[in-house]
There are 2 protein chains.
Amino acid sequence: MTDPATAALWPGGGERTETARRLLLAAVDSFARRGYHATTTRDIATAAGMSPAALYIHYPSKAALLAEISRTGHRATLELVERAEAAGADPVERMRALAESFTVWHARGHTVGRIVNNELHALPEEDFAAVAELRIRIEETVLRIIADGAAAGLFRVPDQRTAARAVTSLGIDVSRWYTERSSESPEELGRRYGQLVLRMLGAPDGRIGD
Amino acid sequence: MTDPATAALWPGGGERTETARRLLLAAVDSFARRGYHATTTRDIATAAGMSPAALYIHYPSKAALLAEISRTGHRATLELVERAEAAGADPVERMRALAESFTVWHARGHTVGRIVNNELHALPEEDFAAVAELRIRIEETVLRIIADGAAAGLFRVPDQRTAARAVTSLGIDVSRWYTERSSESPEELGRRYGQLVLRMLGAPDGRIGD
DNA sequence: GACGTGACTAAGCGCTTGCTTAGCATCTTT
DNA sequence: AAAGATGCTAAGCAAGCGCTTAGTCACGTC
């Protein structure tokens, strides 16, 4: 049983050394709890059980830690979203899979999710650019499913871009409020949010299921 | 035409002196753009056209500025939500009014909204406690309308608390992504989100309107 | 015209920050 | 066993932080 942040970042197992991973996970925890700017390099190093200077052997700067978390987190999210698109039999099933796994990811990995979605402004410029592109690809995958569904007469939405925004927004915001002490498991929440999303998109009621 | 942050904080007109308001608005701008911890008191004072020391004549600390923004912002949001509850003829209309005005507030006052929703952890303990109570009252107003609607057979939701979370979450997250350069006006977005919310809650289709 | 008051500034204090330097123990290579 | 590489620590530097101090200036009061 790996911890949730590890799972959110490296679903397929990472390639960093033990110490570098320990530092990165300590950074995830601190950034998520206090925010990037309120976290000191001493916080991170201490949490990883090392002296402040040791951090700089594995990462060139505090910002590099943030960048690695953000890039890895965004890459994992995009993969998840593309997998959902590829897997479903029709737009309704694709959207259900997407909303469910997107929600589960943001609930289970809410620490990583918080950093990914709320510390964009702290990223060095070129890291931001890379990450912004991944975000666009995520949004467009959602939009594509909605457009397909609307074309097939399965969804009825007044404005597709607004609907896509709403779907991703709902999932992203989970990372803001979800904690391990929440009453619903990530999977349970995912199922419910999947339903709400399909309803929101005006999917035929028989396809949703109560 | 007052600026959006002023409108979001003091819908009925504030009571502070000119200078204190100018400082507070400068703080709103800086906190929203860079985050609380990345903003310096020098930033705020300079943006308000004064020397760093002048800030401390009007506010006892940087945290006091944040606290005032957060408390005022939360109070305004609660008022807005309670007004929607009181105004609507039935649960469907109440929810439509709530979702619309909640969305409009978070779009138009997205700078204030960002601070209100993402800088809670930076609040001094007792300010946090006060604000947390306001947040509960907001959430419970939403829940009450959903429960009323479900009891009247107007809404069909699997879990009312989850549905309430989704409704507020959708509105709150608007402040994360909305900018003045967004293609939709706050009112247009409000109308669309109002529709999506009613659909999500399973309101009878005739009541929604395309 | 002396005095008090309220809004402000120039200067700076003590502390914390991100990051660097210099050095040390352990392992690997030859 | 000498030499180098590796992974770490103790100490500390320059810069920037929140906030304070001491003083200035415009204004109203007696």
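Guide: A residue is called buried under 20% relative accessible area, exposed over 50% and partly exposed in between (1.4 Å probe, protein chains only). This is a predicted model, in which local features need pLDDT of at least 70 and side-chain atom pairs pLDDT 80 or more, while totals for chains, interfaces and linings use all residues. Residues are numbered from 1 along each chain as written, chains are lettered from A and ligands numbered from 1 in written order, and side-chain values use heavy atoms, without hydrogens and water.

Visitor: Why is B:S175 called buried?

Guide: Its relative accessible area is 1%, and the limit is under 20%, so the term applies. B:S175 belongs to helix α9 (residues 160–177) of chain B, and it touches B:H106, B:H110, B:G113, B:R114 and B:N117, leaving aside residues up to four places away in sequence. Contact here means heavy atoms within 4.5 Å.

Visitor: What makes the approach of A:S51 to DNA strand D a polar contact?

Guide: An N or O atom in the A:S51 side chain is 2.8 Å from a phosphate oxygen of DNA strand D. The term requires a pair of N or O atoms within 3.5 Å (within protein, one able to donate a hydrogen and the other to accept it, and residues adjacent in sequence counting only if both atoms are side-chain atoms), so this pair qualifies.

Visitor: Which part of DNA strand D does a polar side-chain atom of B:R42 approach?

Guide: That atom of B:R42 lies 2.9 Å from a base nitrogen, whereas one of B:K62 lies 3.0 Å from a phosphate oxygen.

Note on methods:
Helix = DSSP H or I, 4+ residues; strand = E, 2+ residues; numbered from the N terminus.
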